[in-house]
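Please keep the sequence and the model in view while reading.

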Amino acid sequence: MRTARTGVVGLASIGLSLAASTFISPAAMQAAADPVRPAPVSNATFDDARWGNGAADRAALDRHGRNKADADAGSLYTVGNAIGARAVWKQRDSANRQLTGQGVTVALLDSGVAAVNGLDDAGKLSLGPDLSIESNGVLIDQDTYGHGTHLAGIIAGRDAAVLTDKTIAGLDPSVQLGVAPDARLLSMKLATTDGSTDVSQVIAALNWITEHQTNYDGSRVRVVNLAFGTHSVQPYQLDPLAAAAENAWRHGLVVVVSGGNEGPNAGRLTNPAIDPYVIAVGASDSKNTVAGWKVPTVAAFSSSGTVQRHVDLLAPGSSIVSLRAPGSYIDATHPEGLVAGDTTGRLFRGSGTSQAAAVVSGAAALLLQAYPALTPDQVKAALVSTASRVPASAVHAGAGQLDVAAALSALRSASLSESVTGLEKVTAQDFEISTGQGSLDEARGGDSLVDPDGVPLTGEIDVQGNPWNAPAWWAASSTLSSWVGGDWMGATWTGSGWASESDGLEASRWSASRWSASRWSDATWG
């Protein structure tokens with residue numbers, strides 16, 4: 001495992017959160033028990049999603065009470081078959097390698113990733129700068145929330161197994177294999193134990209990955225998974241979070257984002273899914289049956305959009321089984337997420353557009369292994385144009401259900417009939433560009449971190465308390481110069497480069513440089 005170190009001041013936070021599941025934060029529970037403490041600012045990002053599903057659990061049990069992956073509608077085995085990923089694995093790239101995501105790195109901007117079994121092979125996981133507020137202490141780099149580990153398993157989890165066109169069909173369904181099992185993962189921890197973070201931290205992370213696309217080993221990051229959303233109250237053209245995501249897209253990164261978990265009456269996507277350049281993903285539902293994936297429905301929690309901007313496509317996002325982060329907040333507070341009949345104790349069941357976005361990120365990695373020259377616009381066109389229709393309008397379902405085998409087939413056919421990728425004639429997206437010249441506070445959409453005295457982080461300042469200068473930020477961001485060593489926009493956020501561990505283990509960490517003096521308030525921090 002490779003890691004990068006950073007330091008950000010510790011603080012008690014409630015606020016913007018990774019889209020996934022209903023939760024009650026530790027700070028909220030403490031506030032309820034202690035009336036002297038101020039109540040935290042609430043956040044609706046997690047509404048309408050859940051951990052665990054008793055009906056899905058029961059449907060997957062054999063007569064001995066054990067979970068059967070091939071009878072579980074949410075297992076990685078079933079999901080891989082439903083979207084055509086396992087059919088893709090049996091094919092080969094131009095170097096005669098199985099199409100399993102080899103040579104592609106997916107950046108996961110989330111709550112961190114625990115190196116649990118299935119994510120602990122040499123070279124599988126590297127850790128970029130920890131920009132969360134837990135990074136100044138013993139919790140640095142740890143997935144204290146559990147969300148990032150669950151998504152990492154969906155994208156690129158890999159148990160020990162020989163993957164060839166001759167062995168894949170005969171693998172035991174219980175072997176945990178993500179959508180792109182041989183893709184690598186670069187984790188950037190942004191969220192704390194309750195899943196909260198600030199928009200400025202997410203923007204900084206998007207800038208960092210855009211400006212550091214080459215990993216420690218020379219491999220290139222091609223996909224960014226961002227299962228995060230705010231209720232921005234400004235157009236995407238002005239929103240700095242949307243601009244940061246779009247800037248990553250324009251510099252060659254396929255940015256996959258969750259559309260939101262607010263249901264069919266939402267009438268809007270969360271930010272940055274509002275930006276039309278990125279791939280916005282909604283969640284589909286099989287109604288707890290394996291056969292249900294043949295004609296899936298839109299998940300009840302998946303956000304609807306508008307005629308002008310809705311999700312681009314759907315992917316399985318209901319009752320998805322992936323890897324558990326033992327001892328994390330979700331693990332401790334949602335025992336119903338444990339998969340009934342799982343004799344290994346490794347698995348956890350979750351629902352949300354976060355899980356659906358992770359499925360699409362894995363699918364993008366498969367296409368990029370097959371055709372490394374594809375641009376983000378071409379990857380999006382291939383996935384969207386080959387999606388399977390579902391019985392719902394585009395406002396709710398976009399183009400329909402992901403079918404990565406059909407996308408690869410379309411690319412193969414185009415390549416044979418035309419040229420290298422067959423997509424040279426795909427018209428580049430030409431929506432109005434976002435330059436992020438609006439308000440940082442409006443990008444938060446009313447969801448704020450709070451300090452120990454109950455003072456919220458509001459106004460045109462970042463999480464360090466530094467004034468937000470939109471013109472200067474865009475000038476630096478668009479020219480790939482917002483980060484200089486460990487400094488982002490002139491303030492120290494992290495160290496300056498990859499550095500080997502002193503203990504000689506097969507690891508590398510980003511050199512640390514902590515800050516603690518600059519904050520948005522004068523509260524005393526514990």
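Which residue of β16 does W488 stand opposite? W488 stands opposite A491. The structure shown is a predicted model. Its protein chain contains 14 helices and 18 strands, and 60% of the 526 residues count as buried. Among contacts in the chain with a separation of 6 or more, 78% are between residues 24 or more positions apart.

**The three-stranded sheet**

- Strands of a sheet pair through backbone hydrogen bonds, and the pairing may be parallel or antiparallel.
- Here, three strands form an open sheet in the order β14-β15-β16, and their pairing is antiparallel.
- Strands β14 (483-484) and β16 (491-492) are the edge strands, each pairing on one side only.
- Strand β15 (residues 487-488) is joined to β16 by two bridges, and these strands run antiparallel.

**Helix α7**

- Helix α7 spans residues 240-250, and ten of its eleven residues are buried.
- The buried residues of α7 are P240, L241, A242, A243, A244, A245, E246, N247, A248 and W249.
- The elements that cover these buried residues include the helices α6 (199-211), α10 (376-385), α13 (440-444) and α14 (470-478), and the strands β8 (254-258) and β9 (279-285) are also among them.
- At the start of the helix, a side-chain oxygen of D239 comes to within 2.9 Å of the backbone nitrogen of L241.
- Just after the helix, G252 adopts a positive phi of about 100°.

**Residue Q369**

- Residue Q369 belongs to helix α9, which covers residues 353-370.
- Is Q369 buried or exposed? Q369 counts as buried because its relative accessibility is 3%, and the cut-off for a buried residue is under 20%.
- A polar atom of the Q369 side chain lies 3.0 Å from the backbone nitrogen of T100.
- Apart from neighbours within four places in sequence, Q369 is in contact with D93, R97, Q98, L99, T100, G101, Q102 and V104.

**The largest pocket**

- Rolling a probe the size of a water molecule over the atoms shows where empty space is left.
- The largest pocket has a volume of about 260 Å³.
- Its lining consists of 18 residues, and N67, A69, S174, D342 and L347 are those that lie nearest the centre of the pocket.
- By residue class, the lining of this pocket comprises four nonpolar, seven polar and seven charged residues.

How values were computed:
Residues numbered from 1 in each chain as written. Predicted model: local features only at pLDDT ≥ 70, side-chain atom pairs only at ≥ 80, totals over all residues. Heavy atoms only, no water. Buried < 20%, exposed > 50% of the residue type's maximum accessible area, 1.4 Å probe, protein only. Helix = DSSP H or I, 4+ residues; strand = E, 2+ residues; numbered from the N terminus. Contact = heavy atoms within 4.5 Å. Polar contact = N/O pair within 3.5 Å; in protein donor to acceptor, adjacent residues only side chain to side chain. 1 Å grid on protein atoms, 1.4 Å probe; cavity = no way out; pocket = protein on both sides within 12 Å on 5 of 7 lines; lining within 4 Å. Points joined across faces, edges and corners; volume = space filled by probe spheres on them. Nonpolar A, V, L, I, M, F, W, Y, C, P; charged D, E, K, R; others polar. Pairing = 2+ DSSP bridges.
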